[in-house]
Amino acid sequence: MNKARRIFCFSILFVALILSSFPALPASAAGKVKDVIIYQNVPQADISTAEGAIQLKALNVYKDGSFLFSSTGLTWKSSNKKVATVDQDGNVTFTGKKGKAFISIKDGKMTDKIAVENKGKEPVPAIIKQKGKKYDLIPKAIKKMSLEEKVGQMLMPDFRNWEGKNVTKMLPEIEKIVKDYHLGGVILFRENVVTTEQTTELVHDYQQAAEKYGLLMTIDQEGGIVTRLQSGTDMPGNMALGATRSPDISYNVGKAIGEELNSLGINMNFAPVMDVNNNPDNPVIGVRSFGEDPALVADMGVAYTQGLHAAGVAGAAKHFPGHGDTAVDSHLGLPEVPHDKERLMEVELYPFQKGMEAGVDAIMTAHVTFPMIDSTKAISKKTGEEIALPATLSHKVLTELMREEMGYEGLITTDAMNMGAIVDHFGPVDAAIRAVKAGTDIVLMPVGLSEVRSGLLEAINSGEISVDRIEASVERILALKLKRGVIKEVTPTPVEEKIANALEVVGAEEHKQVEKEAAERSITLVKNELALPLAAGNGENIAVIGRSYIQDLGNAVKKYHPNTTVIEVPADFKLTAKQQFLVRQAKTIIVGTSTSTVAARSPQNAQMKMVNQLINDYNAPVVAVGIRNPYDIMAYPNTDAYITQYGFRPASFNATAAAMFGENTPSGKLPVTIPGANGSTMYQFGHGLSY
């Protein structure tokens with residue numbers, strides 16, 4: 001080999017090695033960059049949360065209609081440094097002087113600019129978007145997308161398990177599905193999100209698997225009993241927040257949850273629940289609701305949503321048009337809400353209307369029938385009988401009521417399509433087709449991804465579903481992604497940097513303080529016959545009795561009173577002879593009950609019989625704690641004192657113990673009415689004692 005050839009071969013090898021050290025560019029980057037624009041100029045980009053210093057971002061726009069964040073090869077300049085300066089990462093800093101400046105960006109021959117202005121008034125200096133067709137990215141993107149890509153954007157499966165194992169890291173098979181199906185999003189569950197580091201890496205890998213458009217990475221991180229993250233801050237749930245009567249606390253909880261999700265790369269939270277829980281027998285909503293009063297639910301739900309949005313995370317109000325006044329679990333059956341539209345507008349629909357007016361990003365539908373709105377019937381594939389059409393599949397509910405009458409323009413997503421109310425009666429493919437025809441934008445957790453996609457494509461090709469109907473959904477999906485910055489990067493941020501940031505945010509001390517305040521303000525003292533507060537210290541023995549979560553309650557009490565005996569009763573709730581002896585030694589009895597169904601809170605339930613036995617057969621005063629459900633006192637009305645905490649997370653047990661010993665003065669107010677016998681009222685909405 002001559003010298004020239006050796007040099008040439010060495011040069012090729014050297015270049016190859018250099019190129020291999022860079023991360024692979026997304027598929028879109030293989031095409032030619034058509035333009036560069038400042039992201040904040042895009043009509044959908046949310047600029048409302050800018051504070052003091054602003055970071056502008058650049059988008060590369062490609063010939064195939066796609067767009068990616070770009071951070072290299074750019075030159076940023078300010079036209080008026082007396083008003084604002086900009087560094088080469090797009091960070092704009094205002095000097096404090098009044099005036100206007102144009103911030104420009106240059107990438108080769110491609111340029112763009114945006115105006116910023118300081119009027120010297122609160123709240124913050126303003127960003128003024130430029131106008132023009134170059135910023136209308138969505139129509140151009142849709143025009144270039146294949147039908148398969150459009151349908152893929154509307155599908156949001158879960159990958160909880162794969163071949164019998166929890167999915168905690170990206171698998172080649174799942175990566176292939178994300179690419180082949182052009183998925184628009186994925187929902188995560190507790191099985192997927194174990195540690196902060198692992199969750200951040202998993203979400204990062206999902207985004208890397210997406211070809212053109214970023215994935216909506218979603219989760220149900222409501223707080224309270226529906227908390228998916230296994231690391232981070234376990235916020236009290238909605239009914240606890242309703243008991244605080246504080247929209248500020250609700251906002252802070254939503255913001256803290258949003259900040260933790262955002263740091264992990266999770267960009268959409270299927271929360272808050274905005275159902276009005278006006279049925280004490282509701283088996284699926286219960287303490288997931290802020291309460292029974294529509295105005296309270298609206299105020300707290302809007303505040304929570306605004307907190308999520310402030311953290312850059314999309315929120316989704318659920319379950320439209322209202323799952324609160326039901327006595328059937330839609331995971332198992334098909335519930336019905338029998339009220340007419342006038343009543344629904346005043347109660348069930350009121351919080352959703354307020355959420356729409358406040359700009360909630362998405363609304364999740366309910367697998368519940370509303371015969372006074374839609375009397376359409378279908379034949380059940382399970383029973384062969386004629387049944388009513390649930391809201392998720394109803395054009396009258398989703399399009400005529402939500403879109404046309406209530407004026408909602410945001411994203412509509414179904415509830416999980418694998419729930420019994422849907423899959424049993426309609427079958428997975430027919431249900432998906434019906435949902436899309438009804439007006440949904442996202443088919444959540446379809447059963448049989450391949451079959452559902454094929455069924456939707458066939459329905460489009462046959463004319464049963466129009467292409468316009470599909471493109472309207474894709475437009476809303478891409479609009480949300482642009483609004484919340486769910487956009488892939490030309491040069492992705494290294495996962496190590498993401499993990500380092502997430503470790504600082506998830507479980508941060510300031511979030512723990514939000515959790516503590518919310519829990520303490522929620523504790524509701526419903527009854528007190530001179531049994532509380534207790535004296536802290538090492539005095540006479542206290543017995544803490546129960547089964548579910550009783551160790552958590554006992555440990556919280558021990559922090560104030562070490563001379564505490566925790567008695568975990570058997571599954572039949574019958575105290576053993578030894579346990580009865582221990583109870584007789586106690587000067588105060590604390591009993592914790594945990595229920596979620598009507599049967600569990602019946603006086604005939606074994607747990608409730610045990611409580612009444614403690615009240616009737618022992619001399620010590622009995623302090624009962626409704627761990628989850630405020631209605632538990634209905635089964636044991638003669639208890640000496642009753643506290644309800646609305647959930648079983650650690651902060652709530654600590655707050656209850658603090659209230660028992662007078663360190664935390666109870667201030668919570670019942671967000672629901674507790675019924676009495678024969679239609680009477682035991683405790684009214686808004687009731688709450690203090691010391």
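Analyst: Rings of Phe, Tyr and Trp (for Trp, the six-membered ring) pair if their centres lie within 6.5 Å; planes under 30 degrees apart count as stacked, over 60 as edge-to-face, and the rest as tilted. By this rule, there are eight aromatic pairs. The model is predicted, so local features need pLDDT of at least 70 and side-chain atom pairs count only at pLDDT 80 or more, while totals for chains, interfaces and linings use all residues. Residues are numbered from 1 along each chain as its sequence is written, and side-chain values use heavy atoms, without hydrogens or water.

User: Why is the pair of Tyr-549 and Phe-653 called tilted?

Analyst: The centres are 6.5 Å apart and the planes make 40°.

User: What makes Tyr-549 partly exposed?

Analyst: Buried means under 20% relative accessible area, exposed over 50%, and partly exposed in between (1.4 Å probe, protein chains only). Tyr-549 has 31%, so it counts as partly exposed. Phe-653 has 1%, so it is buried.

User: Why is the pair of Tyr-636 and Tyr-642 called edge-to-face?

Analyst: The planes are 70° apart, with 5.9 Å between the centres. The angle is over 60 degrees, so edge-to-face is the label. Tyr-636 and Tyr-642 are both buried.

User: How do you know that Lys-57 lies over the face of Phe-69?

Analyst: A charge sits over a ring if NZ of Lys or CZ of Arg is within 6 Å of the ring centre and within 35 degrees of the ring normal. Lys-57 is at 4.9 Å from the ring centre of Phe-69. Arg-453 lies over the face of Tyr-181 too, at 4.3 Å.

User: How do you know that strand 26 pairs with strand 24?

Analyst: Two strands pair if DSSP finds at least two bridges between them. Strand 24 (residues 542–546) and strand 26 have four, in the parallel sense. Ala-543 stands opposite Ile-589. Strand 27 (residues 622–626) also runs parallel to strand 26, with five bridges. There, Ile-590 has Val-623 as its bridge partner.

User: What makes strand 26 mostly covered?

Analyst: In strand 26 (residues 588–593), six of six residues are buried. Thr-588, Ile-590 and Gly-592 point one way and Ile-589, Val-591 and Thr-593 the other.

User: Why is the unit of strand 26, helix 20 and strand 27 called right-handed?

Analyst: A crossover is right-handed if, with the strands pointing away from the viewer, the path from the first strand over the helix to the second runs clockwise. Strand 26, helix 20 (residues 606–617) and strand 27 make a β-α-β unit of that hand.

User: What makes Thr-413 buried?

Analyst: Its relative accessible area is 0%, so Thr-413 is under the 20% limit. Thr-413 sits in strand 21 (residues 411–413). Contact means heavy atoms within 4.5 Å. Leaving out residues up to four places away in sequence, Thr-413 touches several residues, including Phe-270, Ile-363 and Leu-444.

User: Over which residues does pLDDT stay under 50?

Analyst: pLDDT is the predictor's confidence in each residue, from 0 to 100. Residues 3–30 stay under 50. Where pLDDT is low, the predicted coordinates should not be read in detail. The chain's mean is 92.

Conventions: Helices (H or I, at least four residues) and strands (E, at least two) are DSSP runs, numbered from the N terminus.
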